[in-house]
Amino acid sequence: PSLALGAADVTLEELVGAYRALARGGRAGALRIRADDPPSAAQPVLDAGAAFLVADVLADRGHRSLGFGLESALATRSF
């Protein structure tokens with residue numbers, strides 16, 4: 001829980017890069033800050049299956065409730 005609440009020393013760019021790698025199936029690359037920045041080659045940093053599982057847990061309110069409860073500061077609206 002402490003990591004989710006911001007206890008880790010990471011920059012916003014690092015945090016975005018981590019979530020981006022999860023969304024890209026475990027592949028990471030340099031962030032493109034502007035649309036005209038050239039894309040970078042993606043490097044595998046996490047097994048694709050592991051990335052899927054973590055992303056699935058983060059996307060599922062029921063899974064998150066096991067660690068944080070349904071009515072926590074981290075609760076999000078269901079769509």
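Which residues in H2 meet which residues in H3? The legends below take up this question after an overview of the chain.

**View 1. Overview of the predicted chain and its secondary structure.** This is a predicted model, in which local features need pLDDT of at least 70 and side-chain atom pairs count only at pLDDT 80 or more, while totals for chains, interfaces and linings use all residues. Residues are numbered from 1 along each chain as its sequence is written, and side-chain values use heavy atoms, with hydrogens and water left out. The chain holds 3 helices and 2 strands, taken as DSSP runs numbered from the N terminus (helices H or I, at least four residues; strands E, at least two), and along the sequence they follow the pattern α-β-β-α-α. Of its 79 residues, 8% count as buried, where buried means under 20% relative accessible area, exposed over 50% and partly exposed in between (1.4 Å probe, protein chains only). The chain exposes about 6,200 Å², of which carbon and sulfur atoms supply 62%; these areas come from the Shrake-Rupley method with a 1.4 Å probe, and for residues only the protein chains shown count as cover.

**View 2. The packing of H2 against H3.** Asp56, Val57, Leu58 and Ala59 in H2 meet Arg61, His63 and Arg64 in H3, contact being heavy atoms within 4.5 Å. The axes of H2 and helix H3 (residues 61–68) lie 5 Å apart at an angle of about 80°, as judged from lines fitted to C-alpha atoms over the stretch in contact, with angles running from 0 to 180 degrees between N-to-C directions. H2 and H3 are therefore roughly perpendicular to each other, a class that covers 65 to 115 degrees, beside roughly parallel (under 35), roughly antiparallel (over 145) and oblique for the rest.

**View 3. A nonpolar patch on the surface.** Val10, Leu12, Leu15, Val16, Tyr19, Val54 and Leu58 form this patch, with about 630 Å² of accessible area together; patch residues have over 30% relative accessible area and no salt bridge, with nonpolar side chains (Val, Leu, Ile, Met, Phe, Trp, Tyr) joined within 5 Å and like charges within 9 Å. A salt bridge is a side-chain nitrogen of Lys or Arg within 4 Å of a carboxyl oxygen of Asp or Glu. Helix H1 (12–23) and helix H2 (48–59) each supply at least two of the residues, and the largest share, 4 residues, comes from H1. Leu15, in helix H1, counts as partly exposed because its relative accessibility is 38%.

View 4. Asp56 lies in helix H2 and is partly exposed, with a relative accessible area of 35%; its C-alpha atom is separated by 9.8 Å from that of Leu22. Asp47, in the loop between strand S2 (43–44) and H2, is exposed at 54%.
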